[in-house]
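Hi everyone, thanks for coming.

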Amino acid sequence: MRARLLASFALLAGCTTVQFLPRKPALLDRSPPPAAVDSSASPIASGIPSIGTAAAVHASVAKEARLQNGIRVIMLEQHAFPLVALGVVLARGSVEAPPGIFDLFVDLQSSGSDLIAPKALTRTLSEYAARREVFVRPEASYVEVQFISPVLRDVVRMIVPTFATPTFDSDKFTVLLDEHRREASKRRDEPAASAKRELDKLLYGDTHPYAQDPSNDGIALAGVKLDTLRAMRSYIGADDVSVVAVGDFAPDKLLALLEQSLSSLRPGATRRKALDAITTPAAAHVVAIDHPGLSQAHIALGFVGVKYDDPDYTTLYCLARIVGDRANRALRYGHGLTYGASGTMSMRRAAAPVEITAAVNVGAVEPALHDMFDALRSFEERVRDPKELLHIKNWLLATWPDTSDTVTDAMQNLERLAAFDLPVDTWVKTRAIVEGLTADDLVRVAKKYLDPAHAQLVVFGDVARFKLELDALGLGAVEVRKAH
């Protein structure tokens with residue numbers, strides 16, 4: 001009982017929520033005046049170190065070990081808080097199967113093992129106040145759990161064996177299948193998800209695995225059988241599984257627990273699905289998804305980038321953040337058009353998408369698009385200013401993956417290294433690349449990968465409210481499609 005109370009207290013102490021009232025809406029019946037932006041200001045002024053050479057950061061580098069069956073274990077000790085974040089990484093994801101199938105497979109196989117049934121697993125994690133989540137990305141899947149360190153032994157023995165001796169419980173299958181089908185139905189009509197999947201189709205073509213349509217999950221899931229998922233057990237082998245741990249634990253104790261839990265898992269997983277070659281779109285393309293009466297418009301602007309081990313990856317990743325932040329400053333802080341815009345670039349085995357996204361009032365599509373494209377076109381002038389370039393680099397370095405503030409962030413940053421079998425000092429080495437970036441580096445990569453003439457743009461909303469603005473962009477004919 002005492003352990004349960006302590007665990008519950010830890011959960012409550014770590015889940016405080018702060019709410020912010022929305023700002024008063026701005027008038028959007030006409031384009032707002034240009035924002036007054038200080039060209040010497042940092043991308044996010046309150047979060048940037050003072051001007052000057054970037055301060056040296058003490059970044060802990062994780063240690064790694066191998067279990068007897070070859071499974072890689074990446075460990076980062078952080079004893080400041082009595083928490084442990086543990087992630088089991090499977091280096092394959094949703095591209096391995098039809099839409100929705102691999103997501104269901106990972107969820108089911110990680111729900112129970114020979115040592116603990118699904119109902120007991122769920123109940124015990126709740127009693128220990130342990131937070132468990134499952135994520136399936138295109139090329140990697142993660143089962144994450146966070147808990148207080150005194151229950152390390154019990155949690156590891158519950159979570160980790162599901163990869164070695166999963167039960168594929170029939171009752172749990174029925175429950176999860178229903179949950180996944182309902183989620184697929186919700187995603188089919190969700191505006192941001194709709195814009196994202198249409199953008200992926202523009203970037204990669206309808207048949208590429210990266211362009212899987214989540215709205216088709218329900219179709220594939222409708223006919224899936226438990227035996228189909230059990231047969232996919234061959235996708236899990238010691239050569240495709242890694243473990244990441246961050247927090248207050250003793251490495252020797254953790255490794256011993258992992259040996260006990262994973263010793264039966266052998267190498268020899270089914271070969272990963274081959275990915276088709278990717279051809280960068282030869283011209284810009286604009287698609288408007290019509291949803292009459294929708295009060296918001298969801299904008300997704302994208303480009304084909306590079307794969308995770310390309311020499312330009314780090315520079316392009318930085319550019320995605322710089323351009324996204326510039327658009328966010330203009331849309332959110334300058335014009336008050338949105339709660340936030342962002343620029344992202346994933347890690348992929350083939351060319352990853354570079355995406356800039358925002359949701360705005362349907363009457364503000366024109367100024368929003370102006371700001372997003374201006375972020376692409378105007379950054380060269382900014383990075384040519386030595387003071388501004390230093391500001392930008394300081395901002396990037398202050399938030400680089402080797403300086404995580406929480407055990408959860410640190411775990412997720414190390415999970416990416418595990419998923420792509422990268423060295424544990426990768427973030428330290430790429431930090432050095434950022435420190436050495438020049439304006440010429442950024443401009444060269446931007447011209448190569450972020451040319452507006454090759455932009456792929458999707459706008460989801462009431463097309464009648466912004467069709468003329470899309471035509472005026474000069475990116476070619478606007479293709480109008482009906483929302484599902």
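Let's begin with helix H3, residues 118-127, where the buried residues are Pro118, Ala120, Leu121, Thr124 and Leu125. Those buried residues fall within an arc of 160° when you look down the axis of H3, so they line one face of the helix. The arc here is that of the directions from the helix axis to the C-beta atoms.

Before I go on, some housekeeping. This is a predicted model, where local features need pLDDT of at least 70 and side-chain atom pairs count only at pLDDT 80 or more, while totals for chains, interfaces and linings use all residues. Residues are numbered from 1 along each chain as its sequence is written, and side-chain values use heavy atoms, with hydrogens and water left out. Buried means under 20% relative accessible area, exposed means over 50%, and partly exposed is in between, with a 1.4 Å probe and protein chains only. Helices (H or I, at least four residues) and strands (E, at least two) are DSSP runs, numbered from the N terminus.

So what do the buried residues of H3 pack against? They meet strand E4 (131-136), helix H4 (152-159) and helix H5 (170-189), with contact meaning heavy atoms within 4.5 Å. Exposed Lys119 and Ser126 sit on the face of H3 turned away from its buried side.

Now over to strand E10, residues 353-361, where 7 of the 9 residues are buried. E10 pairs antiparallel with E8 (residues 296-304) over 9 bridges, and pairing takes at least two DSSP bridges between the strands. Gln296 has Asn361 in E10 as its bridge partner. E10 also pairs antiparallel with E9 (residues 341-345), over 5 bridges, and there Thr344 stands opposite Glu355.
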